[in-house]
Amino acid sequence: MARDFAKPFYNSRLWRRCRAAYKAYRVSVDGGLCETCHDALGSIVHHKDWLTPNNVSDPDITLNFSNLKLDCVACHNKEDADERTDCYMDKHGQLQAAPPPIQHGHDPRWQPCVPLLRNTQATHDPPPANEAHEL
């Protein structure tokens, strides 16, 4: 999801036209395959260099085809998760904003979400039907 400073850009007609043109270009190159996995069709145009408040008005960053790539949903979500350092997984498996840093000692509530998200990708056998489980 777009951060607040980038929402006006992502809602602009200029971005929508650029995104559509990039998708059409990728369709002409390889049928619109995901540029990361090359297995699924791409559906999300992603900025390689993330937008920041300092570069969101720079068309060389925001609208330049060399800074764009077409990803499938799975690859885009994985890439976003790999970049996240501002969150942690709570005991219920929900993403939470990271608490402010503690100057002395370690806050056991804060754990980077990347390793935890990678662990959730493993397949698990469903629990037996006759056992009660606490959620």
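View A. With a relative accessibility of 26%, Tyr 10 counts as partly exposed (20% to 50% relative accessible area, with buried under 20% and exposed over 50%, using a 1.4 Å probe and protein chains only). This is a predicted model, so local features need pLDDT of at least 70 and side-chain atom pairs count only at pLDDT 80 or more, while totals for chains, interfaces and linings use all residues. Residues are numbered from 1 along each chain as its sequence is written, and side-chain values use heavy atoms, leaving out hydrogens and water.

**View B. Aromatic pairs around Trp 15.** The whole structure holds six aromatic pairs (rings of Phe, Tyr and Trp, the last by its six-membered ring, with centres within 6.5 Å; planes under 30 degrees apart are stacked, over 60 edge-to-face, and the rest tilted). One of them joins Phe 9 to Trp 15: it is tilted, at 5.3 Å centre to centre and 45° between the planes. Tyr 10 also pairs with Trp 15, and because their planes stand at 80°, with centres 5.5 Å apart, this pair is edge-to-face. Together, ring pairs link Phe 9, Tyr 10 and Trp 15 into a cluster. Phe 9 is buried, and Trp 15 is buried too, with a relative accessible area of 2%.

**View C. The two sides of α2.** Look along α2 (13-30), a helix by DSSP (H or I runs of at least four residues; strands are E runs of at least two, and both are numbered from the N terminus). Its 18 residues reach 26 Å from first C-alpha to last, close to the expected 26 Å (1.5 Å times one less than the number of residues). Trp 15, Cys 18, Tyr 22 and Arg 26 are its buried residues named here. They cover an arc of only 70° around the axis, so they sit on the same side of α2 (the arc is taken from the directions from the helix axis to the C-beta atoms). Their cover includes α1 (7-10), β1, α3 (59-62) and β2 (68-71). On the other side, Arg 13, Arg 17 and Ser 28 are exposed.

**View D. Leu 33, beyond the end of α2.** After α2 comes Gly 31, with a positive phi near 85°. Leu 33 lies in the loop between α2 and β1 (44-47), and at 25% relative accessibility Leu 33 counts as partly exposed. Setting aside residues up to four places away in sequence, Leu 33 touches His 38, Asp 39, Ala 40, Leu 41, Gly 42 and Leu 70 (contact means heavy atoms within 4.5 Å). Its C-alpha is 9.8 Å from that of Lys 23, 10 residues apart along the chain.
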